[in-house]
Amino acid sequence: MSDFAGMEELLQDFLVEAEDLLSGVDNKLVDLERAPDDVGLLNEIFRGFHTIKGGAGFLNAGELVTLCHLTESLFDRLRNGELKVTPERMDVILAATASVRQMFGDLERGTQPAPAAPALIAKLRAAVDGEDGAEVPAAEPGPAAAVKVPRQGEPDWDVLYETVTGKAVVPATKAPAPVAVETGAATVRTESEDPVVKAALGRRATDVPGASGPTGTRETERQRDNSIRVDTARLDQVLNLSGEIGLTKNRLNALRSDILSGRNDTETLHALDLAVSQLDLLVSDLQNAVMKTRMQPIGRLFQKYPRIARDLARNLGKDVELVLVGEETEIDKTMIEDLSDPIIHLVRNAVDHGIEDAEGRGAAGKPQKSLVRLEARQEGDHIVIMVADDGRGMDAERLRAKALQRGLITDEEASTMDDRQSYNLIFLPGFSMADKVSDVSGRGVGMDVVRTNIQKLNGTIEIKSELGKGTTLIINLPLTLAILPVLLVRLADQPFAVPLSMVREILPIVPDAIQDVGGRATMVVRGEVLPIVPLSMLLGWPRERIPQYGVLMQAAEWSFILAVDSFAGREDAVIKSLDDFRPKGVAGVTTLSNGQIVLILDMKELLDAAGDRRGISRNALIADVVPALT
């Protein structure tokens, strides 16, 4: 039974507000390290902890109140000038925010938060009293319970470990190996050879976004946040449009009665035409207004990344600043949570792989501080998200050589790849440029997941890089997942819908233009030899005639010509998901204006399914399974 029976709504409201506040505090702490005397920042962080403490008090979460009160007291002395911001105090504060985030996890599960680590509480009390350098006793003193004093400027790893696990540190009897654990948004390193400690750290590391593991998310431990904040002005607009639609409906009912009673003169028919046109306009406006209620500023997603970049950079000994641009850009709420992990991977990769170490930047004549830029903007009916660094850039030749070494491509494929295709090699499962596995990277399990998750959102990801200058990854996403622009194609008389975002152009298939390359049907489009993939083959339908038209499509880094019989036009499809029964290769269904139900095809899944049946790669599928059509 929940510890908060009867207070569920209050608890949920508190968690939504407090998570935003804590994320804001994390970002301000990163800024505070750069400007330790900024009184405005100190006041804002103080108010953040004070507000969280107040909400926790209403919920009778005593342990959370205690931790926030101590941290608040420390900031009260800092903002009044009685104490100064030092690296040691910052480490304790960051450990406190990580512990607060853990307590939020307990609250999400409906339980009262467990107490913060005694060593952390003692360290906070010492910091409030201005005694940061004093040794802090462990929770259960014993013969071997001494806590080491960190070196100047180094985090107190023992305190951070106890914050994460709630257990006292057991001193190792031999030189320990470093183990990494992520706490909320922070990556910290502690030292232990104790297998029990390693197991605890391993379990905790899978609880946070971006952590190593099959999923790298906390979805298994927490439900998705289905709540949404909506500006009352937008709700008022929806209400007004609903009222106008009601009036138009009444007008149509009156006209219907007139027509049924025999009035079908020109004036009545003209009034009917005007009413239908007005209804069409109002429904369109209502649809747009409802879509806007689902839109949220992407800044709520971005605000946690500066802390992640700061902690990882510090762990790697790099000086990195994450610059946020376009935080006010709005995106569909349902997409924000799905974007969290992909962007974490991109930011981590930029800091780890993209940015050189201090020695490398000095040799290249670059400033010591490196910049990673996370930007969002709206372009037409798409959202563009960019992660750019000013690091070493990508070497296409080295990428090809590494993929060859790992057996991911053949010599023939490597010799025909241009730079763009070489950059896309990083998206192959198992690809990694790291020569050894570390706690941050090296297993090649990140970028392929990024691309897969972006494609699930009907988006694309593109890489631009210049050796020695830096790398930019560009994500293109639709504004919303509720409406999908599609191209309607036909096999015989049966229409199917394919996402318009994948369509580059439409061209006729002329038998004389089909070339037989190795027994496969291809066409040359502006000097590029492209395979012809009949839609009938992907669906398992019999091929009775040569298709008349081709749709030049871009699926990931592969281009091909989808052969179809004819077209039925373009539509903005309102997607209806198939929850109980979803055939392979079908993303959903939509209803046309004539009432006909049309399947929306998942082209990537169709290509993968065809590849699975033959046990070959998609590239080999496109090259091998298409029969000659001549």
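Reader: Which residues of helix 2 are buried?

Author: In helix 2, the buried residues are L41, L42, I45, F46, G48, F49, I52, K53, G55 and A56. Buried means under 20% relative accessible area, exposed means over 50%, and partly exposed lies in between (1.4 Å probe, protein chains only). The model is predicted: local features need pLDDT of at least 70 and side-chain atom pairs count only at pLDDT 80 or more, whereas totals for chains, interfaces and linings use all residues. Residues are numbered from 1 along each chain as its sequence is written, and side-chain values use heavy atoms, with hydrogens and water left out.

Reader: What makes the span of helix 2 close to the expected one?

Author: Helices are DSSP runs of H or I with at least four residues, strands are runs of E with at least two, and both are numbered from the N terminus. The expected span is 1.5 Å times one less than the number of residues. Helix 2 has 20 residues, and its first and last C-alpha atoms are 29 Å apart, close to the expected 28 Å.

Reader: Against which elements do the buried residues of helix 2 pack?

Author: They pack against helix 1, helix 3 and helix 4. Contact here means heavy atoms within 4.5 Å.

Reader: How do you know that D38 caps the N-terminal end of helix 2?

Author: A polar contact is a pair of N or O atoms within 3.5 Å; within protein, one must be able to donate a hydrogen and the other to accept it, and residues adjacent in sequence count only if both atoms are side-chain atoms. A side-chain oxygen of D38 lies 2.9 Å from the backbone nitrogen of G40. D38 itself is found in the loop between helix 1 and helix 2. Just after helix 2, N60 takes a positive phi of about 60 degrees.

Reader: Why is D38 called partly exposed?

Author: Its relative accessible area is 32%, and D38 therefore counts as partly exposed.

Reader: What makes D26 a buried residue, and what does its side chain meet?

Author: D26, in helix 1, has 2% relative accessibility and therefore counts as buried. A polar contact of 2.5 Å joins its side chain to that of R101. Residues up to four places away in sequence aside, D26 touches T97, R101 and R307.

Reader: Why is the pair of F14 and F104 called edge-to-face?

Author: Rings of Phe, Tyr and Trp (its six-membered ring) pair if their centres lie within 6.5 Å; planes under 30 degrees apart count as stacked, over 60 as edge-to-face and the rest as tilted. The whole structure holds 5 aromatic pairs. For F14 and F104 the centres are 6.1 Å apart and the planes stand at 90 degrees, which makes the pair edge-to-face. This pair links distant parts of the chain, since F14 is in helix 1 and F104 in helix 4, 90 residues apart. F14 is buried because its relative accessible area is 9%, and F104 is buried because its value is 0%.

Reader: How do you know that F49 and F75 are stacked?

Author: Their ring centres are 6.0 Å apart and their planes lie at 25 degrees, so the pair is stacked. F49 lies in helix 2 and F75 in helix 3, so the pair ties together parts 26 residues apart in sequence. Both F49 and F75 are buried.

Reader: What makes R79 a charge over the ring of F46?

Author: A charge sits over a ring if NZ of Lys or CZ of Arg is within 6 Å of the ring centre and within 35 degrees of the ring normal. R79 lies over the face of F46, at 3.6 Å from the ring centre. The C-alpha atoms of R79 and D38, 41 residues apart along the chain, are separated by 8.6 Å.

Reader: Why is T71 called buried, and with which polar atom does its side chain pair?

Author: T71, in helix 3, has 0% relative accessibility and therefore counts as buried. A polar atom of its side chain lies 2.9 Å from the backbone oxygen of L67. Neighbours within four places in sequence aside, T71 is in contact with F49, A96 and L124.

Reader: What makes a group of residues a nonpolar core, and how many residues has the largest one?

Author: A nonpolar core is a set of buried Ala, Val, Leu, Ile, Met, Phe, Trp, Tyr and Cys residues joined through side-chain atoms within 4.5 Å. The largest has 51 residues, and F302, Y305, L339, I343, I385 and L477 have the most contacts inside it. Helix 12 (residues 333-354) supplies the largest share of this core, 9 residues. Apart from this core lies another, of 44 residues, among them L67, A95, A96 and L107.
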